[in-house]
Amino acid sequence: MYLELPRGTRLPLNVRDYLAWVDPYGVRVFLVFCAPGSKRLTGIAFRRDQQGDKSLASQVCDWCLSPSGAGQVGLLTTDVDAKRRVGVNLCLDLRCNERLETAANLSGRSAVEDTKRLLERMSRFASEALGLELQPD
Ligand SMILES: [Zn+2]
């Protein structure tokens with residue numbers, strides 16, 4: 001796995017929930033997250049090579065379940081191995097937590113539970129679709 005860190009990032013990364021960023025060309029989206037119950041960070045590099053079908057107005061992000069307002073939800077793909085790729089419908093900037101927090105603030109709730117479920121969905125994708133091991137240390 002090859003990740004390009006955003007400019008100015010200091011190591012070691014201190015990630016509370018997850019960190020996501022888009023490369024300067026807007027082609028790749030990187031995700032680093034801490035799976036619930038694990039102390040290790042998991043990294044996934046996605047590509048935005050297909051923007052999904054924009055005519056599908058009902059697209060929602062598979063992870064945060066936010067509906068696509070301004071075409072922000074689309075297909076992100078990542079390599080499972082040299083021959084296989086998987087795609088998942090997600091917020092194209094992976095700012096799922098910001099959307100969850102906004103929605104929670106608007107309804108006067110805390111986003112803690114929503115964020116936990118988001119991380120569980122990320123972990124499930126990493127383990128079931130990509131076969132990554134997310135064993136707790
Ligand atoms: Zn999302």
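Is Cys 96 buried or exposed, and what is its relative accessible area? Cys 96 is buried, with a relative accessible area of 0%; buried denotes under 20% relative accessible area, exposed over 50%, and partly exposed the range in between, for a 1.4 Å probe and protein chains only. The model is predicted, so to speak of local features requires pLDDT of at least 70 and side-chain atom pairs count only at pLDDT 80 or more, whereas totals for chains, interfaces and linings use all residues. Residues are numbered from 1 along each chain as its sequence is written, and side-chain values use heavy atoms, with hydrogens and water left out.

Cys 96 belongs to the zinc site. The protein donors of the zinc ion are the SG atoms of Cys 61, Cys 64, Cys 91 and Cys 96, at 2.2 to 2.3 Å from the ion. Donors are N, O and S atoms within 2.8 Å of the metal (3.2 Å for Na, K and Ca), and sites may look incomplete because water is not among the atoms. The 4 donor atoms subtend angles of 105 to 117° around the zinc ion, which makes the arrangement tetrahedral; for four donors, that term requires all angles to lie between 85 and 135 degrees. Ideal angles for four tetrahedral donors are 109.5 degrees. Along the sequence, the donor residues follow the spacing C-x2-C-x26-C-x4-C. Distant parts of the chain are linked by Cys 64, in the loop between β3 (41-47) and β4 (73-79), and Cys 96, in helix α1, which are 32 residues apart. Helices (H or I, at least four residues) and strands (E, at least two) are DSSP runs, numbered from the N terminus.

Cys 64 is likewise buried, with a relative accessible area of 7%. Leaving aside neighbours within four places in sequence, Cys 64 is in contact with Cys 91, Cys 96, Leu 100 and Leu 118, contact meaning heavy atoms within 4.5 Å. Cys 64 and Leu 94 are 30 residues apart in sequence, and their C-alpha atoms are 9.3 Å apart in space. The structure holds 0 disulfides, a disulfide being a pair of cysteine sulfur atoms within 2.5 Å. Cys 34 counts as buried at 17% relative accessibility.

Helix α1 spans residues 96-106, and Cys 96, Leu 100 and Ala 104 are buried in it. Seen down the axis of α1, these buried residues fall within an arc of 65°, so they line one face of the helix; the arc is that of the directions from the helix axis to the C-beta atoms. The buried residues of α1 pack against β1 (18-22), β5 (85-91) and α2 (112-129). The face of α1 turned away from its buried side carries the exposed residues Asn 105 and Leu 106. After α1 comes Gly 108, whose phi is positive, near 70°.

The aromatic residues complete the picture. Rings of Phe, Tyr and Trp (its six-membered ring) pair if their centres lie within 6.5 Å, with planes under 30 degrees apart counted as stacked, over 60 as edge-to-face and the rest as tilted. By this rule there are 4 aromatic pairs. The rings of Trp 21 and Phe 30 have centres 5.6 Å apart and planes at 35°, so the pair is tilted. Trp 21 counts as buried at 9% relative accessibility, and Phe 30 counts as buried at 1%. The rings of Phe 46 and Trp 63 have centres 6.1 Å apart and planes at 65°, so this pair is edge-to-face.

Definitions and conventions. Tetrahedral: all angles 85-135°; square planar, octahedral: opposite > 155°, others 65-115°.
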